[in-house]
Amino acid sequence: MLRYTEEHEWLKLDGDVATVGITAHAATLLGDVVFVELPELGAKLAKGDGAAVVESVKAASDVYAPLAGDVVEVNQAIVDDPALVNADPEGKGWFFKLRLDDVKAMDGLMDESAYKKLIETA
Amino acid sequence: MSREEAKTISGSLKRTPLHALHMELGARMVAFAGYEMPVQYRLGVLKEHLHTRTAAGLFDVSHMGQIAVRARSHAAHDAARALERLIPVDIVGLAPGRVRYAFFTNDQGGILDDVMVASCGDHFLIVVNAAQKAADEAHLRAELGNECDVEPLERSLIALQGPKAESVLARLAPECMTMGFMDVRVLTLMGGKCMVSRSGYTGEDGFEISVPPDIAREITEELLGNPDVMPIGLGARDSLRLEAGLCLYGSDIDETTTPVEAGLSWAIQKVRRRGGSREAGFPGAEIVLDQLEHGAPRQRVGLRPEGKAPVRSGALLYGEEEASASVGSVTSGGFGPSVDAPLAMGYLPAALSAPGTRVFAEVRGKRLPLAVAALPFVAPKYKRS
């Protein structure tokens with residue numbers, strides 16, 4: 001199941017663990033990513049908490065926890081090679097994985113067509 | 001009325017003569033100094049930066065001001081003497097066909113703007129920052145208006161920078177090959193008389209070209225037609241000048257920084273210092289000349305974060321990780337694509353300004369270690385004779 005937030009994050013659910021990243025739209029707006037700071041493993045995040053930081057040449061941007069959960073894995077690959085976020089933002093450029101407190105909360109987020117509409121009208 | 005007309009009438013952002021071209025090239029536009037300017041084109045900031053250091057980058061800097069100063073007596077010497085009343089630099093000794101980095105000072109020795117002054121024989125051409133151009137013009141008129149004509153010029157300015165800049169420009173004007181760093185000449189480009197200086201804001205060899213606005217687009221398109229040339233936005237302009245250790249007015253230098261604190265003493269020639277034949281005679285001279293002799297309490301320095309996180313303008317600096325009081329701040333910070341590392345500049349007390357000194361910057365509540373580094377971060381490639 002794939003869902004999106006208004007802050008241009010995507011979530012891919014597998015059981016009760018959601019992989020989180022930023023969308024291609026967000027990556028394009030951001031420009032060339034030069035630095036990523038990921039959350040601590042085991043961190044307990046509430047929905048809307050600052051989870052990660054992603055920086056382009058020009059500016060820093062926050063990535064928020066789209067839903068409440070525990071950080072069970074982080075993607076060291078994008079820390080080692082931040083350009084991966086631009087190269088494959090919705091695949092290999094994922095940020096972290098959250099064990100969700102409430103899997104059903106995914107239903108409250110936008111699906112792909114709703115997100116597409118959001119970015120078209122932006 | 002059209003949206004375009006409405007926008008201009010409502011006092012919104014100004015546009016350079018190349019605005020339509022930027023849009024056609026897919027530029028992402030931002031507001032800068034009251035102008036709508038390209039921050040990047042399709043390549044993106046990183047690639048635009050790297051392209052400039054390996055080939056040739058073309059920048060629209062027409063938002064900057066160009067002011068002609070001419071003595072009513074018609075004697076260039078009189079205009080030079082007048083300018084020296086505002087500027088702590090040797091203008092009298094600036095030969096025709098040469099351009100020099102300079103700055104206006106205030107009574108506290110602070111910098112009102114940093115500029116380039118070119119001697120064009122019978123007048124001086126001063127290129128000033130966009131954000132300061134109205135104030136600079138007013139300042140010149142107020143102080144020199146009795147003896148000099150101060151004329152803001154309606155001209156465009158484009159910069160061509162990089163190792164291939166000479167071969168690119170030579171196709172339009174072969175004489176550019178005989179110009180050395182900081183030479184300025186009138187060259188005819190596509191039938192139009194242009195004032196061309198071998199100078200720039202990137203640390204690379206290159207040219208800054210003052211163009212009549214009605215042929216700006218034509219000349220720009222001709223230059224862009226060369227496969228070595230790419231259009232470059234303000235994003236890469238900023239990362240290039242940061243790597244070159246060059247100041248951005250309003251960030252690294254302003255009315256509260258003296259040229260000595262800012263590490264710009266090299267621009268103040270001996271003739272204007274104590275003991276020189278035209279010593280002092282500019283605003284804030286006592287303070288500046290004193291600092292030249294005895295040192296300034298703080299210094300602009302290069303800073304290299306030890307980690308990968310960029311440290312940006314405004315971050316406070318500490319002498320020790322646990323120190324409660326900050327000792328300085330970062331004035332420019334970002335990422336240097338040519339060194340593949342975060343870079344910054346800031347001010348520190350003189351005692352902490354030696355290269356290698358370890359200091360700390362507060363970033364997102366954490367104290368990150370940085371090392372003071374000598375400037376520039378990337379060695380310049382000027383064509384010196």
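In the predicted model, B:L169 is located in helix α6 (residues 165-170) of chain B. This leucine is classed as buried because 26 C-beta neighbours lie inside 10 Å of B:L169, the threshold for burial being 20 or more. When neighbours within four places in sequence are set aside, the contacts of B:L169 are B:L160, B:C176 and B:F207.

Residues up to four places away in sequence being excluded, B:L160 touches B:A56, B:L58, B:A165, B:V168, B:L169, B:G206, B:F207, B:I209 and B:L223.

The division of chain B is into domain 1 (3-62 + 155-243) and domain 2 (297-385). Taken over C-alpha atoms, the centres of domain 1 of chain B and domain 2 of chain B are separated by 29 Å. Their contact involves 15 residues from domain 1 of chain B and 17 residues from domain 2 of chain B. On the side of domain 1 of chain B that touches domain 2 of chain B, α3 and α8 of chain B each supply at least two residues. By class, the residues on that side of domain 1 of chain B are five nonpolar, four polar and six charged.

Chain B also contains an open sheet of six strands with mixed pairing, arranged in the order β10-β11-β12-β9-β3-β13. From one strand to the next, the twist averages 30°. Six bridges join β10(B) to strand β11 (residues 192-197) of chain B in the antiparallel sense, and B:L189 is placed opposite B:G192 in β11(B). Helix α3(B) packs on the sheet, where it touches β3 (56-60), β9 (156-161) and β13 of chain B. The direction of α3(B) makes about 120° with that of β3(B).

Elsewhere in chain B, helix α4 (residues 76-84) has B:A76, B:A79, B:A80, B:A82, B:L83 and B:E84 as its buried residues. The elements covering these buried residues of α4(B) include β4 (65-71), β7 (124-128), α5 (133-144) and β8 (148-152) of chain B.

The contact between the chains draws twelve residues from chain B and nine residues from chain A. On the side of chain B that touches chain A, two or more residues are given by each of α3 (45-54), α8 (234-243) and β16 (328-336) of chain B. That side of chain B has five nonpolar, five polar and two charged residues.

In chain A, strand β4 (residues 33-37) is mostly covered, with four of its five residues buried. β4(A) pairs in the antiparallel sense with strand β6 (residues 50-56) of chain A over four bridges. Within these two strands, A:V33 stands opposite A:S56 in β6(A).

Terms used
Residues numbered from 1 in each chain as written. Chains lettered and ligands numbered in written order. Predicted model: local features only at pLDDT ≥ 70, side-chain atom pairs only at ≥ 80, totals over all residues. Contact = placed C-beta atoms within 7 Å. Nonpolar A, V, L, I, M, F, W, Y, C, P; charged D, E, K, R; others polar. Buried ≥ 20, exposed ≤ 12 C-beta atoms within 10 Å, placed from the backbone. Pairing = 2+ DSSP bridges. Axes fitted to C-alpha atoms, helices over the stretch in contact; angles between N-to-C directions. Domains from an automatic or database assignment.
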